[in-house]
Every structure is written in structure tokens, then in C-alpha cells.
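Please look at the sequence and the structure shown here before reading on. The report moves from the whole chain to its parts.

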Amino acid sequence: MATNRLRWGHCILSDFRKTKSMFYLPEGVIYLDGNSLGPLPKAAQAYVSRAIQDEWGEMLIRAWNDAHWMELSTGVGDRIGSLIGAEKGHVVMGDTLSIKVYQALASALEMRRDRKVILTDNGNFPSDLYMAQGLVKSLDQGHEIRCVNPENVMDNIDESVAVMMLTEVDYRTGRKHDMLALTEKARSCDVVTVWDLAHSAGAVPVDVAAAKVDFAVGCTYKYLNGGPGSPAFIYVAPAHACTVRPALSGWLGHEAPFNFDLDYRPGTGIERMRVGTPPVIALKILESALDIWDQVKMADVRKKSITLSNLFIAEIEARCPDLHLASPRSSDQRGSQVSFEFKNGYAAMRACIDRGVIGDYRAPDIMRFGFTPLYIDEEDVMAAVDVIEDVITNRRWDAPEYQIRARVT
Ligand SMILES: Cc1ncc(COP(=O)(O)O)c(C=O)c1O
């Protein structure tokens, strides 16, 4: 195990009543969609206003140096790193998750030039598959994307595979891969691993260093509460950080951006995974959101999320027999979301949202609910189930206004 691993804050007990009070949660709303977009941390507005006024306003361009804007991407990266078990100095922020998937996969493929198979599964998020398809087309080197059922990934890891690219927690059902076991098998076959932690970071304990993951990527607008479109992160294992070739060779990943050389030379370590100008304001929001994470221990978050999810499953199954559990029943195999199948799931979710219970819907028939202990408690779960029971039992969903699909579901 690396010696410079980041550690959780030295808090004694995670006080979830306190963390709940640190979010702005609209009156009359029970928010079960933090797996898609986390709520607004109360401190964010003042923190960002101050940064805008004092740094952008007063310092103008001097803030890149004087307010250390240029170090934000790695500074915030280290704070995210502590949530996913990364070694210090091996996570950097920037761009969107789709871009980071592309970057990680491109670098990973270069590490196994003699192999042509990308192993993934059909539970992966479509954008990850689309980015892989686009990359394979651009490379035009005869790569094959082998997309298997999630339960068959293990059996498909062999010496023909160049890269195994998986999302740990399935966005629809919350099904959780065994990252440790899959990565171990991949390593035994010399397969490079790329893990998408979009539904893991801040949801379940992750230890990329212990698992010996090669690349990991994730977003920060879900469980980490960084706000809509907040920047993604990328982790590169120390063993590769100074040797991988970044496919997106932007100027800020250059060894000396302000030399303005005409030829690209990759920067040192994780710096080479930067691309262009960092989103400073978005990183400031994220900084204030991460302050809340400093108050809790991930083990406590996980324990509470299992308690809340199990309570929700038991209550829904007892009171809404028309809803069928789509998530694994065993909490070991689940992330921090619970999904139920219901034929009229879209309309039912719209009816729930109108009554203050916000979850979301994933085609073709999934009603998805996220359990986020930082601001959801048992009382919320019980109140949400009351609303869902009313919507299902009394067919509240069967109204014309709930049948029309909005652009975002
Ligand atoms: C697992 C996973 N991967 C990738 C993405 C795409 O992220 P982005 O829109 O930030 O590129 C998402 C978006 O929700 C996701 O859930």
C-alpha cells in the first residue's frame, strides 16, 4: 500500500442531522435524486460570491497566481482523491466525465498496443460506450468493443483483452460490480482497467489504490453536490502517471504551458491529464460542497445509506405490490440507489414529483430513487413512501399531463 495515501478527516462521529442542515432543501420536497444532481450546499452561494468579488473582481487576471487558481484542479482533485482511496497527487479535475472516459480509454489502449479488445458491459452508461465507439473509429486500428452482460464480465477477462472499461454502479438498477475481484483478475491477465465511479464517489467506499486500479474517472454533480455541470475527475495510478500519453494534448497538460512551445510535451504526472483552462467558479462551488464531506466518514455514510435503502425497499414492497424491485436485494451488491420497475413508471414519477417526492425515471420502466445520508433520513423515507403509495394505489399517475415526456426524464 502506498505511504502517501490520503485519509478521511479525523472526525469522531458522522452527524447527519448537522450535514442535513448544511443543504438548501426546498420546503415540501423530499429529494431522492441526489444520485443524478446533488442539492445546493448552503455555504456555496456566499463562498462563491466572495470568490467572484475578491478574486475575479479585485484581482482580475492576477488571481491565477495570487488566488492560486492554477492549483485548484489538483487541490480539489486531492480532496476527491481522499473519497476514492487515491494516492495524493494522482487526481485532477476538469472537463466532463465523457471527456475523461475518452482520455482514460485512449491512454489505456496505448498501453496494450498488441491487443485489440475493449471489454465492457451493457450496464455501462451509454456515453461511455459512445466515447469508446468514437475513439475506436478515430484510431482505425481494428479494435473490438466486446460488450457482455454484467454477470459475464469476469468470464470474459483473458489475455486477448487490452482494456476493461466498466462503471462500478449501474446507473439504472444500482447493481454494483465487485471492483476488487474484477480488477484482480484483469491484472492477472495484464488487462488495463478503467473504472467509471460516477455512481460510486460519495455513494460507496472506494479504494482505487488498494484495488490497484489503473484509471478511474467520475463526475462531481451527483453524490458530491458540485452543482450542474461541475467538472469531472480522472485518476491515474502512480505506476503509469509519468508514462501514459494523453490523447487530448491541450496546452495546460503541457510540461511548460507558458513557454508556448510549438510542440507538445506531456506535463509531470497527473498534470498531463489537464486539457484547457479550468472552470474556476465551478471548482469553487465544489470546494464548498466538499467541506461537508469533511464532516463525515464514508463507512458511516454507507451504513446509513444501506439502512435507508432497506427501509425503503421493505416499505414499498409491503405497500405497493405493483412495483417490482429492479435493484439487487442484497445491499452488498447495490450502490446507493434503489430502482423499481413499473409499467407506467414515467407517469408515476411525474405524479410523485408533483407531490414533492423527487426521484427520476430511466427508460423503459425504471423508477429510480437515490439515498443520500448527508441530507435524507428515515423520516424522509417514510414520508416519501406515503406519497408513492398514494400515487400507485389511487392511480394518481393516470392523468393526461403526466403522459407527456419532458426532454429530461
Ligand atoms: C456512469 C456515467 N458515466 C458517464 C456519464 C456522462 O457524464 P457527463 O455528462 O458529465 O459527460 C454519466 C452521466 O450521468 C454517468 O452516469
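## Overall form

This is a predicted model, and the secondary structure of its protein chain comes to 13 helices and 15 strands. Along its principal axes the C-alpha trace spans about 65 × 55 × 45 Å. The radius of gyration of the chain is 22 Å, which agrees with the value near 22 Å that a compact globule of 409 residues would have.

Of the 409 residues in the protein chain, 46% count as buried. When contacts between residues at least 6 apart in sequence are considered, 73% of them join residues that are at least 24 apart.

## Two domains

The chain is divided into domain 1, made of the segments 16-25 + 28-40 + 297-402, and domain 2, which covers 68-293. The C-alpha centres of domain 1 and domain 2 lie 29 Å apart, and the contact takes 26 residues from domain 1 and 19 residues from domain 2.

On the side of domain 1 that touches domain 2, the elements giving two or more residues are α11 (298-319), β12 (337-341) and β15 (366-370). By class, this side of domain 1 has 10 nonpolar, 12 polar and four charged residues.

## The nonpolar core

The largest nonpolar core has 111 residues, and those with the most contacts inside it are Ile 84, Leu 105, Val 163, Met 164, Val 217, Tyr 235 and Ala 348. This core draws at least three residues from each of domain 1 and domain 2.

## Around the ligand

There are 13 residues around the ligand, and of these Thr 96, Leu 97, Ser 98, Phe 125 and Ala 198 come nearest. The elements that give two or more residues to this shell are α5 (97-111) and α6 (126-139). The residues of the shell divide into six nonpolar, five polar and two charged.

## A closer look at Arg 115

Arg 115 has its place in the loop between α5 and β5 (117-121). Is Arg 115 buried or partly exposed? A residue needs 20 or more C-beta neighbours within 10 Å to be buried, and Arg 115 counts as partly exposed because it has 19 inside that distance.

Leaving aside neighbours within four places in sequence, Arg 115 is in contact with Ser 160, Val 161 and Ala 162. Arg 115 and Arg 334, by comparison, are 219 residues apart in sequence and 32 Å apart in space, C-alpha to C-alpha.

Conventions. Residues are numbered from 1 along each chain as its sequence is written. This is a predicted model: local features need pLDDT of at least 70, side-chain atom pairs count only at pLDDT 80 or more; totals for chains, interfaces and linings use all residues. A nonpolar core is a set of buried Ala, Val, Leu, Ile, Met, Phe, Trp, Tyr and Cys residues joined through C-beta atoms within 7 Å. A residue is buried if 20 or more other C-beta atoms lie within 10 Å of its own, exposed if 12 or fewer, and partly exposed in between; C-beta atoms are placed from the backbone. Domain bounds come from an automatic or database domain assignment. A residue is near a molecule or strand if its C-beta atom, placed from the backbone, lies within 6 Å of it. Helices (H or I, at least four residues) and strands (E, at least two) are DSSP runs, numbered from the N terminus. Ala, Val, Leu, Ile, Met, Phe, Trp, Tyr, Cys and Pro count as nonpolar, Asp, Glu, Lys and Arg as charged, and the others, Gly among them, as polar. Two residues are in contact if their C-beta atoms, placed from the backbone, lie within 7 Å. The radius of gyration is taken over C-alpha atoms; the globule rule is 2.2 Å times the number of residues to the power 0.38.
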